[in-house]
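Subject: Structure handover and findings

Hello,

The structure is below, with the sequence. My notes on the helix packing follow it; please read them alongside the coordinates.

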Amino acid sequence: MASDDHIRQHVDKIYREESRRVLATLIRLLGDFDLAEDALHDAFKAALEQWKENGVPSNPRAWLISTGRFKMIDRMRRQSKFGPMQAKHTERLTSDAADSPENIDPGIGDDRLRLIFTCCHPALSQEARPALTLREVCGLTTEEIARAFLVTPSTLAQRIVRAKSKIREARIPYLVPPPEELPGRLDAVLQVVYLVFNEGYYASSGNSLTRVDLSAEAIRLGHLLAELLPDPEVDGILSLMLLNESRRAARTTPTGDIILLEDQDRSLWDRALISEGLILLKRALASNRFGPYTLQAAIAAAHAEAPAADQTDWTQIAGLYSLLMRVNPSPVVELNLAVAIAMRDGPLAGLTLIDRILDRGDLSAYHLAHSARAELCFRLGRTEEARAGWERALSLAQQKPERRFLERRLAQLKTDEKKIPVDVEFVRRQTTKG
Amino acid sequence: MVLSTFKLSTFYPIYKQMKYICLGYIDEKAWGKMSRDGQNTFVDECFAYDEELRKNGHFIGGEGLQESGNATTLRWRGDKVTVTDGPFAETKEQLGGIMILEATDLNHAIRLMSNHPSLRLGGGSWEIRPAADMSAILEESEQRRSPRKETS
């Protein structure tokens with residue numbers, strides 16, 4: 001029947017657009033993730049049945065929230081006769097606090113922000129945070145997340161169950177942290193967003209170089225954060241993600257092989273994403289309260305703005321990496337600084353710096369450090385050292401496109417091709433704090 | 001409407017505080033190497049902060065522990081209890097004190113313990129463990145243990 005189809009389509013659309021907001025509010029009202037998920041499910045089921053008869057309510061979200069909540073209390077009451085534990089919970093649910101309209105809709109986005117901060121709480125395990133965020137905030141299924149992180153669905157489900165149980169039992173509150181705690185807690189949120197993006201952008205192992213879904217989810221999260229919590233570093237991370245994403249079509253061949261930044265067809269870069277990224281970057285820089293994500297976005301912008309690879313402003317990029325070293329020092333940032341200096345002052349200057357890092361042992365198991373060293377050696381005509389470096393990198397690299405890339409390099413070494421340019425993007429995989 | 005007769009809680013009901021057991025770990029060797037002045041500052045600041053927690057109703061119990069060398073561990077081995085010298089596990093950091101803290105939620109507990117001077121001055125760590133709510137289990141256990149009143 002046409003009208004049934006029509007209602008179903010309408011409910012589907014509302015599910016896509018509103019289900020996460022409804023869930024976020026139900027978690028607050030019911031005080032429990034699992035109850036809220038059941039309530040959400042019941043509410044949409046009821047919508048399909050009742051909207052056919054009575055038409056779509058004027059405020060579908062409020063209708064879904066109060067229906068879900070009511071159905072859940074009903075269910076709890078029926079179960080409460082089964083034992084003192086359940087009785088206690090029902091009593092908890094139906095006691096105190098107000099049943100006011102503000103409680104259902106306390107202003108734009110509030111509950112979603114609560115949900116984000118709860119899913120990214122530092123008291124939850126590092127692995128659980130992105131999984132829980134993708135499940136609850138983004139609405140991905142357990143199977144989808146498991147596939148994206150290359151773990152079995154049961155492993156992933158277990159992580160999520162454990163995290164939810166800790167939230168409940170240790171009583172992690174469903175709150176946006178107060179201003180004095182916000183910087184630290186926002187850091188934990190941005191870490192999750194960036195990890196999700198990077199998992200999508202530089203899949204750490206497996207066949208394909210890019211996994212579109214995770215990067216898109218991270219960008220969606222970034223937009224949501226920017227809307228709910230204006231902050232320079234939120235602008236910064238969103239800008240960084242957009243500028244990286246703009247190169248997606250240009251960074252691999254149709255068969256999935258890596259194309260270096262220098263060799264990319266810049267006409268394939270997505271200009272719309274670049275200009276959005278640049279606007280956000282400008283706003284973040286103007287705030288004068290920016291941090292490491294904004295600096296990384298500024299570096300990405302320097303590449304985005306170069307009309308051709310040989311017109312890249314390496315002086316500016318090296319300066320930005322030095323600044324990043326001061327704000328957020330790490331061996332990987334130092335490696336990137338060394339490569340930028342190599343591009344600015346010549347390979348020998350960069351090689352000295354890379355050797356200093358490797359001698360400390362910090363990055364001796366990091367394949368990109370060895371491949372960067374090999375590239376510089378190759379440029380200096382030290383082919384034996386270059387070969388050793390690429391071989392070492394190959395023994396450490398996990399991901400198939402990267403392995404093919406290194407194998408190509410080694411093969412090219414044999415045919416004694418002329419100068420191979422250093423790839424900067426290749427070593428710019430960032431590890432953020434911690 | 002039936003709906004309005006239900007009063008719902010916000011995320012966690014505030015009618016009850018949570019009890020968190022805070023286990024303070026210290027590196028006993030590092031403590032031994034600390035200067036007399038350093039030790040005094042540590043003790044003074046920790047006591048002052050504990051006092052503040054007590055005044056605000058958060059500190060509801062706690063003890064500092066003697067060094068782990070004075071610990072004795074009991075275990076069931078085969079069919080009898082064995083007694084051994086020393087703590088449960090030999091690790092770099094040893095349990096140095098415990099505190100029972102009352103807080104509204106984990107964030108509150110983290111906030112209170114983050115300000116504890118022992119972290120800044122002693123280089124140790126605090127493990128925050130929620131106390132288990134045993135009341136329902138206890139109730140069920142009592143039912144099992146109580147003699148049956150009726151016979152069928």
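What percentage of the 434 residues of chain A count as buried? The figure is 56%, where buried means under 20% relative accessible area, exposed over 50% and partly exposed in between, with a 1.4 Å probe and protein chains only.

Some conventions before the rest. This is a predicted model, in which local features need pLDDT of at least 70 and side-chain atom pairs count only at pLDDT 80 or more, while totals for chains, interfaces and linings use all residues. Residues are numbered from 1 along each chain as its sequence is written, chains are lettered from A and ligands numbered from 1 in the order in which they are written, and side-chain values use heavy atoms, with hydrogens and water left out.

Chain overview

Chain A has 20 helices and 0 strands. Both are DSSP runs numbered from the N terminus (helices H or I, at least four residues; strands E, at least two). Among contacts in chain A between residues at least 6 apart in sequence, 67% join residues at least 24 apart; contact means heavy atoms within 4.5 Å.

Helix α3 of chain A (residues 60-79) has 20 residues and reaches 28 Å from its first C-alpha to its last, close to the 28 Å expected. The expected span is 1.5 Å times one less than the number of residues. Buried residues of α3(A) include A:W63, A:L64, A:I65, A:M72, A:I73 and A:M76. The 20 residues of α10(A) should also span 28 Å, and its end C-alpha atoms are 28 Å apart, which agrees. In α10(A), 15 of the 20 residues are buried, so this helix is largely enclosed by the rest of the structure.

Packing around α18

Axes here are lines fitted to C-alpha atoms, for helices over the stretch in contact, and angles run from 0 to 180 degrees between N-to-C directions. Helix α16 (residues 331-345) and helix α18 (residues 367-379), both of chain A, pack at about 15 degrees with their axes 11 Å apart. That makes α16(A) roughly parallel to α18(A) (under 35 degrees; over 145 is roughly antiparallel, 65 to 115 roughly perpendicular and the rest oblique). On the α16(A) side the contact is made by A:L335, A:V339, A:A342 and A:M343, and on the α18(A) side by A:L368, A:A369, A:A372, A:L376 and A:R379.

Helix α17 of chain A (residues 347-360) packs against α18(A) at about 150 degrees, with the axes 9 Å apart. That makes α17(A) roughly antiparallel to α18(A). Residues of α17(A) that meet α18(A) include A:P347, A:G350 and A:L351.

α7 against α9

Helix α7 of chain A (residues 128-137) and α9(A) pack at about 90 degrees, their axes 9 Å apart. α7(A) is therefore roughly perpendicular to α9(A). Among the residues making the contact are A:L132 and A:R135 of α7(A) and A:I160 and A:I167 of α9(A).

A loop residue

A:A170 lies in the loop between α9 (153-169) and α10 (182-201) of chain A. At 5% relative accessibility, A:A170 counts as buried. A:A170 and A:A123 are 47 residues apart in sequence and 9.5 Å apart in space, C-alpha to C-alpha. Leaving aside neighbours within four places in sequence, A:A170 is in contact with A:S165 and with B:M18, B:Y20, B:L106 and B:P130.

Regards
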